[in-house]
Amino acid sequence: MSATPFDEMHNADGSIREPYLILEDWLKGQPPQALSYMSADAESLFRRLGITFAVYGSNEGTEKLIPFDIIPRIISALEWRKLSRGIEQRVRALNAFLYDIYHRQEILKAGRVPEKLILNNSAFCPQMMGLDPARGIYSHIIGTDIVRTGPDDFYVLEDNLRTPSGVSYMLENREAMLQLAPELFQRYKVAPVETYPETLRRTMESVAPGGIHGSPNLVVLTPGIHNSAYFEHSFLADQMGAMLCEGQDLFVENGKVYMRTTTGPERVDVIYRRIDDDFLDPLTFRPDSMLGVPGLFDAYRAGNVTLVNAPGTGIADDKAVYVYVPEIIEFYLGEKALLKNVPTYNCTNDDERAYVLEHLGELVVKEVHGSGGYGMLVGPASTKAQREEFKRRILARPDNYIVQPTLALSTCPTFVEKGIAPRHVDLRPYVLVGDDVRITPGGLTRVALKRGSLVVNSSQGGGTKDTWVLED
Amino acid sequence: MQIAIRHKLSLALGQGIARSVQHVLLTPLTGPTQTVREWSIDMPGIGKAASFIDAFGNRAHLVSQTRPEGELTISVAGIVDTIDRNGVVGRVPGDIPPALYRRPTALTKAAGSITSKFRSTPKTGQDRIALLHGLMARVAEVVGGGEQSQSQDGQSQSQAQAAKPPAADYAHAFIGAARALDIPARYVTGYLYAEGDEPAALHAWAEAWDGGLGWIGFDPLLLLCPTDRHVRVAVGLDAVTTMPVRSIPVVGEPQVLSMSVEAAQ
Amino acid sequence: MLGRTAQNLFWLSRYIERAENMARMFEVGYRMSLTSRREGSASEHLHSMMQAAEVDEGFHLKHKQADVGSVADYMIFDEENPSSVKSCLLAARTNARSVRTALTTEMWESINAAWLEFAAIRPRDVNGARLQELLFWIKQVSHRYRGALLSTFLRDEGYAFSQIGNFVERADNTARILDMKYYVLLPRATMVGGDVDIAQWTMILRAASAHRSYRHVYHDRYKAWNIADYLILRPEMPRSLIFCVDWINRTVDMLEDIYGTRTKGHDAVDAVAELLEGTSVDRIFESGLHDFLTEFIDRNNRITDALAESYNFY
């Protein structure tokens, strides 16, 4: 852990890093108050664009907008090439891994990943054994969480192969920036992200089951309006021209999936499902699920519909499996991992646990099945009582936690109350896997708005930024 | 031996429902211990059902009905030739890796009263077969109540003695213990050609993995390895993954209306 | 289009229309209670208005005394009253959220903004002039939504289901207003109405927002025969039964054009239209106004069920 985090805009000597030169010039040219006005404009813009919808999710309208920072984060073409090659390598290897563990399990037989870690894992889905998904792809829609600690140091924090969210913010943030600072787009060559919905559509079409006449029928399956990501579900359905369905809108008859339309049943071919595995089909998974479609999994198994993503992909982004990803890449691709994993301590190992308990104040502790920044301890920002609490929890269930060093997340200039100041950021690029692997140049940059904070989750005071990948 | 099977069951779906779907696992496959000569399932919707091989290698049907009657009747009939191989099923091409059958499930929790005796028993080579037989005997003893066993649902002692626990309890206990000892074990449903005055019933037993012989059947309820009286229908992790009929919606358990498992004419 | 989407659009429009109707009905009762001179008559006016709005039974389960405060609370803010303005706006917004992708931005924003604004109002701050202002605002909400619908919505099946929902609700409302007061409209020996009659007639016309336009059409004082004619058979009156049925008829024809088939929904609409075709006020009075209205309400209700069956609402 270095004393000063890497600043993406400034070199150590205070000079401006190349990708940010034009931005610096533009910022200097802004009259006082201009940024405040832009910030206010951004907020009303988001309401108009529809984000209000997600935000006022509750009936009382009490939720707040996820704060949007008007200063874009800029990544050079060279940096992006490096990053995207690494991400592509990872998603190819993880899909190969999923195919293998749901078929012959060569990697387990070879002893490269512990058998029990996979087969006894609750994220492993035995019902998926032997199933051949279209093109052998399990995870079609991926959001890889990346953090940066230096000019050339990118780490993968999490792979998110189940149903990653946030892509609507990537698209809306760009829309906002195009309206707020069009002149910057004239001076920079920014790679487009607007193609995402169309690419998603192509990806889904490319994995449709065989034997379909005409273009396949695509739907987005949502748990409904009470889900916190409902806005995104309806946004994506709208953007790619797919029907937005709830479980009750679909039914299975004679092994095929149909939706109930005003003119009768209509066949469904590919389902982008935003319902968790457990709730997908009460006939196969949780029988008490009211959200799912009875018989859906069997229809999938019979090859009559494609689920995007496949059930059981969670085993590949399990926090306990994470440490084996470099091994997984080597096993299937015969290559060294291009992107680094964050070193991770295994608490079931006596020596490592002893080290962890001694150094909790410097480490980050995460629950194996936790998400959203909950169930997490950030050592340097923790109180003594919190550390004692986690010590107890780790001792009680060492297998339930992974522990990592606190990374000095890079910072980006961010517009805060007192003007422009550096704040810590992470990055979630979005990957689509179908007939090809396509990574949208950009992604969602999350920023910890509190000074010094390393927690970027929106549920804990994080905001977002537009992310610009420059073209050569 | 040639066995003729007729099996009729009914399933209450409830009145006035728009649609129902069933996952049906009632089709035996030809394998090392049996050859299926004839087999048919008759139920509403079976003609257009999707038929596929499930995760555990079973032939499954996804059957559906629009505006079904409140009660669904399923009739199964067929003839199967069986061979007595001392319970050895062996290896079947396309079987999923045995290691998967070490996965614990809610129904296959190991009972300490069964496993404790075998903790330090050798379990490789010939020793494994001996261990599994020992395990079967111990399961029969503990589950069968030969030894004072805890009745889980608080039944009175007399009731517990009057009715022998169902075959599923024996199979689950055996599987849980085997897995706790790191031996892959799976659940089997099937038909049993009954002897004497035993009523015909859907039966369940277990199979355990041996690196040399492959899968070997153990029937802890009858305290023997399956013979040519056993017709294998489906395998899986436990009774849930091998349930003969799962349905949505469903009201209550499927009821057996009639069943006969007899030597074929 | 998903059957559920069609259903959501249909009910979305109905709830918006209902919110407006509730506000108008309350306004009538409120005005009459302000202008009444006799002791105790304020409460009577409010009560008879609630009868017309069909909320009287629910009201009396919760309140002993009908005064402006308690009635406003029940009809505007009470979430337990499924027809309160609040319940209607919430139901409209919930339906709108479910079909967000089927709505235009303008339609969505008018509903979303209305709900957020309404949810921020504290009932105890609303009295006197602010109550009048709120009633005006509620009607504006409905007009904004309809304006957005008429000027931005694609003329497809979604538009059709929205329109049918709107006019089925409006026809129901007008028929109920008439039915609740049908006896004051019946012909009598004396053709000149007394004070009581005039007060009742005014109430009917106001409840249908028809008290000013009546003069434009009839250039006459209030007369029972004219009022019945106006609210039942005048095609230029936008809340009359014939106007509503005409809209519904044209809109189901549009569905026939889109889908290429007639359904039970069309038969149900024909059955309502039949009641009005070629009839006159005299003939309606002859065969009984109350029976006529009962039959109308019943047939109008059947449109919803027939549409649900024909177009897979669920």
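Which residue in strand 13 of chain B does Ala4(B) stand opposite? Select Ala4(B) and look across to strand 13 of chain B: the residue you want is Glu262(B). Before you click on, keep in mind that this is a predicted model.

**Stop 1: strand 1 of chain B**

Stay in chain B and select strand 1, residues 2-12. Strand 1 of chain B is joined to strand 13 of chain B by eight bridges, and the two run antiparallel. Now select strand 6 of chain B, residues 71-82, which pairs with strand 1 of chain B over eleven bridges, also in the antiparallel sense. To find one of these pairings, click Arg6(B): its bridge partner in strand 6 of chain B is Ala77(B).

Next, show the side chains. In a regular strand, side chains alternate between the two faces of the sheet. Colour Ile3(B), Ile5(B), His7(B), Leu9(B) and Leu11(B) one way, as they make up the covered face of strand 1 of chain B. Then colour the uncovered face another way: Gln2(B), Ala4(B), Arg6(B), Lys8(B), Ser10(B) and Ala12(B).

**Stop 2: the two domains of chain B**

Domain 1 takes in 2-81 plus 245-263, while domain 2 covers 86-236. Their centres, taken over C-alpha atoms, are 25 Å apart. Where they touch, domain 1 of chain B gives 17 residues and domain 2 of chain B gives 18. On the domain 1 side, strand 1, strand 2 (19-27) and strand 13 (255-263) of chain B each give two or more residues. Strand 13 of chain B has the largest share of that side, with three residues. What classes of residue will you find on the domain 1 side? There are eleven nonpolar and six polar residues, and no charged ones.

**Stop 3: where chain A touches its neighbours**

Show chains A and B together. Here 25 residues of chain A are in contact with 23 residues of chain B. To see chain A's side, select helix 6 (115-119), strand 7 (250-253) and helix 12 (296-301) of chain A, the elements that give two or more residues to it. That side has twelve nonpolar, eight polar and five charged residues.

Now bring in chain C. Its contact with chain A takes 20 residues from chain C and 21 residues from chain A. On the chain C side, helix 1 (3-35), helix 5 (85-98) and helix 6 of chain C give two or more residues. By class, this side of chain C has nine nonpolar, seven polar and four charged residues.

**Stop 4: a helix pair in chain C**

Pick out residues where they meet, including Met107(C) and Ile111(C) from helix 6 of chain C and Tyr145(C) and Leu149(C) from helix 7 of chain C. The residues of this contact divide into seven nonpolar, two polar and two charged.

**Last stop: the domains of chain C**

Finally, colour chain C by domain: domain 1 is 14-151 and domain 2 is 154-314. The domain centres, over C-alpha atoms, lie 22 Å apart. In this contact, 13 residues of domain 1 of chain C meet 16 residues of domain 2 of chain C. Which helix of chain C gives the largest share of the domain 1 side? Click helix 1 of chain C, which supplies eight residues.

Key. Residues are numbered from 1 along each chain as its sequence is written. Chains are lettered from A and ligands numbered from 1 in the order in which they are written. This is a predicted model: local features need pLDDT of at least 70, side-chain atom pairs count only at pLDDT 80 or more; totals for chains, interfaces and linings use all residues. Domain bounds come from an automatic or database domain assignment. Two residues are in contact if their C-beta atoms, placed from the backbone, lie within 7 Å. Helices (H or I, at least four residues) and strands (E, at least two) are DSSP runs, numbered from the N terminus. Ala, Val, Leu, Ile, Met, Phe, Trp, Tyr, Cys and Pro count as nonpolar, Asp, Glu, Lys and Arg as charged, and the others, Gly among them, as polar. A residue is buried if 20 or more other C-beta atoms lie within 10 Å of its own, exposed if 12 or fewer, and partly exposed in between; C-beta atoms are placed from the backbone. Two strands pair if DSSP finds at least two bridges between them.
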